[in-house]
Amino acid sequence: MQNYKIKRIEEGLTKIEFPEFEKVSSEAPVFYNPHMELNRDLSILAIQAFQKKEQREIDICDLFGGSGIRGIRYKNEIDGVGHVYINDISETANYYEQHNIDLNNLDNIEISQHDASMFLRLKRGEFDVIDIDPFGTPSPFIDSAGYCARRNSLLCVTATDTSALCGTYQAPCIRKYNAKPYKSEYCHETGIRILAGFVALTLSKYGKYIEVKMSHSTEHYMRLYIEVKKGPKKCDKSLKNIGYISHCKHCLHRQTSKGLATVIDDKCPVCGEKLIHAGPLWLGDLQDSEFIKLMIDETENKKINTKKEALKLLNLCLEESDGPATFYDAHAICKSLKISAPKLDLIFDKLKNEGYLTTKTHYNPLGIKCDAKINEIKDILNNLSK
Ligand SMILES: C[S@@+](CC[C@H](N)C(=O)[O-])C[C@H]1O[C@@H](n2cnc3c(N)ncnc32)[C@H](O)[C@@H]1O
Ligand SMILES: [Zn+2]
């Protein structure tokens, strides 16, 4: 192994060492991204919540190990973990994974050097948790995950190709997720729904279906925690959650339609302009309030450096678990009405007083999830700005 200058960091209860690098990049000898600490902290909360809910010992697969920080933290900081398997295609990564296991005095962690899909297939059915945290898109690995995931297991998926999922570039999204994105003010939610829809459709080949326990879009990535269930009938029923979101960029109306080969209106029912469709995507739940409450409880039991940020995010995800698909951006609507935006609190109070289901959303501090129609929101905004 080359003589690198070594950097040591600490996350949670775990120490990790790796070759120092100047800039976070896939070119580093061993990959470590400090901006993903919140992602790793939330993973610890989610996997612990899953383990407590299942009340059994769990075996975990960290499919893209890098420095080994995930798998090692999972073994070191989560109760009820049996074996952890850390895989990475890079020999240098494997070397530091073993070094870091020793540094933390841990056992029952196995290291391997395989292509991710190959590793899953070699170990089919052996994991209760599969963590997929690759460079860019997870798309090429979802098929093997679907084939190899156990019934009642947890699939944790990161995607960093947000420009594709959010529709900045349409063609890569069609290629990687077989879905058409659309860059609206709620495109991060559309992106997560495209990713969840792709997972649901891919797993359905194996008679497996999904329940999304928690999901978030933060900075440059999206992350989903998904329970994998099995049964062809329930799978067919679950696939009824696949559909489309149609958006009118003229008046900002949006509507959802469930079903794959379904007829979708092309004309906006509000203003008559052309609707733009995104999908196929997941129109089922993206947050499970009971699961998120368990994650929030776990913040009391864990030492996590991002506790404040994690709690803020979890509470927003808990709130939005009641909300409908998509959200309004108050400032975008006010701009289209050529009025100045009223205070957000006033808008929320007014919508709630009028009896609409209204929640905040983690996607955007100015976002409003609400079951009111666009013209009803516009009336309220017009009245408030008078
Ligand atoms: C984003 S990094 C993983 C980061 C790590 N999970 C963390 O939280 O710090 C992706 C890793 O996947 C490895 N990798 C790339 N292609 C792979 C493949 N086809 N199979 C397995 N590992 C792969 C790279 O060597 C790299 O270490
Ligand atoms: Zn319209």
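User: What makes up the shell around ligand 1, by class?

Analyst: In this predicted model, the shell has 10 nonpolar, 5 polar and 5 charged residues. Gly counts as polar here. Of the 20 residues around ligand 1, Phe 64, Gly 66, Ile 89, Ala 116 and Asp 133 come nearest.

User: Why are α1 and α10 called roughly perpendicular?

Analyst: The axes of helix α1 (residues 37-54) and helix α10 (residues 289-298) cross at roughly 110°. Angles of 65 to 115 degrees count as roughly perpendicular. The two helices are therefore roughly perpendicular to each other. Their axes come within 8 Å, and the crossing is right-handed.

User: Which residues of α1 and α10 meet?

Analyst: From α1 come Leu 45, Ala 46, Gln 48, Ala 49, Lys 52 and Lys 53. From α10 come Phe 291, Leu 294, Met 295 and Glu 298. The residues of this contact divide into 6 nonpolar, 1 polar and 3 charged.

User: What makes β5 and β8 edge strands?

Analyst: The open sheet of 7 strands has the order β5-β4-β3-β6-β7-β9-β8, with mixed pairing. β5 (109-112) and β8 (208-218) each have a single partner strand, so one side of each is left without a neighbour in the sheet. The twist averages 15° from one strand to the next.

User: How do you know that β3 and β4 pair?

Analyst: Pairing takes at least two bridges. Strand β3 (residues 58-62) and strand β4 (residues 81-87) are joined by 4 bridges and run parallel. They therefore count as paired. In β4, Val 84 is the bridge partner of Ile 60.

User: Where does α1 lie relative to the strands?

Analyst: α1 lies across β3, β6 (129-132), β7 (153-159), β8 and β9 (221-230). It runs at about 165° to β7.

How values were computed:
Residues numbered from 1 in each chain as written. Chains lettered and ligands numbered in written order. Predicted model: local features only at pLDDT ≥ 70, side-chain atom pairs only at ≥ 80, totals over all residues. Near = placed C-beta within 6 Å. Axes fitted to C-alpha atoms, helices over the stretch in contact; angles between N-to-C directions. Parallel < 35°, antiparallel > 145°, perpendicular 65-115°, else oblique. Left-handed = near helix turned anticlockwise from the far one by under 90°. Contact = placed C-beta atoms within 7 Å.
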